[in-house]
Each structure stands twice: as C-alpha cells, then as structure tokens.
Amino acid sequence: MLTFDDGPDPRWTPAILDVLAREHVPATFFVIGSQVVEHPDVVYRAAEMGNEIGVHTYRHREIAGQDARATDRALELLAAQLEQRFAACRFSGTGERRTC
C-alpha cells in the first residue's frame, strides 16, 4: 500500500491522484486537519476514488510527549471536527459526490 503524508497539497495531491487513477493503484493519505479545511475538494476527490484517509492531527504537532489523556482528547476533538465537516458528504458508486 502506498501512503502519502501531510496533505492535502493543492498542487501535488491532485497530480498524485491522477497517476493513481491512471494506474488503478489505491493509496492511503494521512492528512493534516488544517490542510483539509483549506483544501476539502482534494480530500473529497481522494475519498471518492476509493483511497483511505487518515489524520495526522490538526496541525501536525508532536504529541509523543503529551499526557495520554490530553492526546486522546485532542484526537477526539479533531475527529469530531472532521466528521462534522464531512458528515453531509455522500458518495455514489460511480465516484461522484452526491451531496456535500
């Protein structure tokens, strides 16, 4: 499985998605929450194509030294923010976004 980190980048992620689509290769994109807010259509496209989406926190801060409860809470808040942002999105079997 291919993985790409720290996007979505408005220039490079669409180019990567074009290559993946052309070669029929799936990937996992580990995105930064703040970048998702700035470039949601890039993430929509990646998801619509059947790629997996993972999250590298909201601003990609180092969390290894944090208290475990603080880290859990930060990840829960991020998941809730992203879920709220994308909850209205529904994808059809043809890869087209129905609503968002």
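This report describes the sheet, a helix lying across it and the nonpolar core of a predicted model.

## The sheet

Three strands, in the order β1-β2-β3, form an open sheet, and their pairing is parallel. Because β1 (2–7) and β3 (52–55) stand at the edges and each has a single partner strand, one side of each is left without a neighbour in the sheet. On average, and with direction ignored, neighbouring strands of this sheet are turned by 25° against each other.

The pairing of β2, which covers residues 27–31, with β3 is in the parallel sense and extends over 4 bridges. Within this part of the sheet, Val31 has Val55 in β3 as its bridge partner.

## The helix across the strands

Helix α1, made up of residues 12–23, lies across both β1 and β2, and the helix runs at about 165° to β2.

## The nonpolar core

The largest nonpolar core has 8 residues in all, namely Leu17, Leu20, Ala27, Phe29, Val31, Val36, Val43 and Ala46. At least two residues of this core are supplied by each of α1, β2 and α3 (40–48), while the largest share, 3 residues, comes from β2. In soluble globular proteins, nonpolar side chains tend to be buried together.

One member of this core, Ala46, can be followed through its contacts: leaving aside residues up to four places away in sequence, Ala46 touches Leu17, Phe29, Asn51 and Ile53.

Methods
Residues numbered from 1 in each chain as written. Predicted model: local features only at pLDDT ≥ 70, side-chain atom pairs only at ≥ 80, totals over all residues. Heavy atoms only, no water. Pairing = 2+ DSSP bridges. Axes fitted to C-alpha atoms, helices over the stretch in contact; angles between N-to-C directions. Contact = heavy atoms within 4.5 Å. Core = buried A, V, L, I, M, F, W, Y, C linked by side-chain atoms within 4.5 Å. Buried < 20%, exposed > 50% of the residue type's maximum accessible area, 1.4 Å probe, protein only.
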